[in-house]
Each structure stands twice: as structure tokens, then as C-alpha cells.
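Let's take a walk through this protein chain together. Have the picture open while you read, and look for each part as it comes up.

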Amino acid sequence: MSLDGTRAHLTGPGDLPPLVERAARTARHLDFPSSCRPEHGRLLRALAAGARRIGETGTGCGVGLAWLVSGMPAGARAVSVERDPARAAAAAALFAHLAPAVTVECADWTAIAGHGPFDLLVLDGGGQGKAGPGDAPADPVELLRPGGLLVIDDFTPSGGRPPVHAGRPDEARLHWLDHPALRTAEVPLAPDLAVLVGTRRAAA
């Protein structure tokens, strides 16, 4: 999620997929500013085109999920989990016409494990390991098929090695960059925005 992601969708050039625009308007109606940004959404749409089973943690009001759905091929399935009941209900209503291909579940992020393994998993609301002690990162071996993709968003571009956050080595980012089960790269999307994209190694 991004602090101004909802606003960025509704004040941009207006070339959004219709489902993404509806999700962004839902987020604005519910005063939820922290949707993913359009730059990230476009990457999600591109990655979804090669996935048959897609998972997401942290639905919010469904903006990121709408980008994923706008790119996924016919016959693919997507599931997203959101712990806030009001946001989960709003997102579930938004995607109800696409059931059973698209599912929104009101649950803690760990519930995503019951729907895997995935070809593409987006960690947007849990499982990133960013919140320090007690925030265990997701296990890509459990959640991804070999060759599956993992996406972790909301980093600032690092510009060096080791990556630094708040004046110290960014342990959360290093966890994914150095994970033995993944080949991970940092992908800059804007001067102030980067994501990590990791592929599960076949032998892991």
C-alpha cells in the first residue's frame, strides 16, 4: 500500500481499467488513502498475465486486486485476504460478479496459505516482515510453486548495497534480496517507489 495511492489513481491521466477506477472510487468513499500506486498496479497487471493462480495479502478496497484481475488470463483464479471487515466487504462486493474466479476473504494475512501454492503472490498487507520482531515474513517455499513470483511493494529505491532505511541496513529488504529460495531483484517504479520481485528457485 502507499499513503497516497488512492489519490494518485483518481488524479492521474484517466487511463485506468474500469474495474481499477471503481475500486479507487470505493477506496475514496471509505476514506482509505493507502491503495497501491498506479505505477505498481501496471506492473501487477503485466505479471498477472503469466499466472494461473494469484494471491494477495492486504486487499484494502481492491485497487491492487483490480489491477491483477485486469491482467490475468482466462481460467486463472485470484484470492485476496483483508483483515478489516468493512474494507473486505466492500471489495468482495466489487468483485462478486467475477466469482468464483476472484475471491476476497476477511481474514488475517496468514489465511492466504490455505489457497496456495501460487504462481504469483503479492504481499501488500502482511507477510512482508517489515514491522520488526513478531512480524514473521511469509515462507516462499510454502506459498509459491517453483518458478512462481513474489512481489513486495512500498520500498524507496536503495541506490546501493546494502540497502539502507532510516540510516541503518534495511533488514526487511535484505531478507528478500538474500533469501536462499528466491532470485530477487529490486525494480524501481518512480523516484520514490521501488518493489522487490523474486522468483522461487526450482530446487528450493
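Start with strands S8 (residues 182-190) and S9, which pair in the antiparallel sense over eight bridges. Strands pair if DSSP finds at least two bridges between them, and the strands themselves (E, at least two residues) are DSSP runs numbered from the N terminus, as are helices (H or I, at least four). This is a predicted model, where local features need pLDDT of at least 70 and side-chain atom pairs count only at pLDDT 80 or more, while totals for chains, interfaces and linings use all residues. Residues are numbered from 1 along each chain as its sequence is written, and side-chain values use heavy atoms, with hydrogens and water left out.

Back to our pair: S8 and S9 form a hairpin with two residues between them, and Thr 184 stands opposite Gly 198 in S9. Strand S5 (residues 144-155) also runs antiparallel to S9, joined by five bridges, and here Leu 149 sits opposite Thr 199. How many of the eight residues of S9 are buried? Seven are, in the stretch 193-200; buried means under 20% relative accessible area, exposed over 50%, and partly exposed in between (1.4 Å probe, protein chains only).

Leu 149 turns up again among the contacts (heavy atoms within 4.5 Å) of Asp 119, which also include Ala 51 and Gly 148. You'll find Asp 119 in strand S4 (residues 118-123), and it counts as buried because its relative accessible area is 18%.

Key:
Lists of a residue's contacts leave out its neighbours within four places in sequence.
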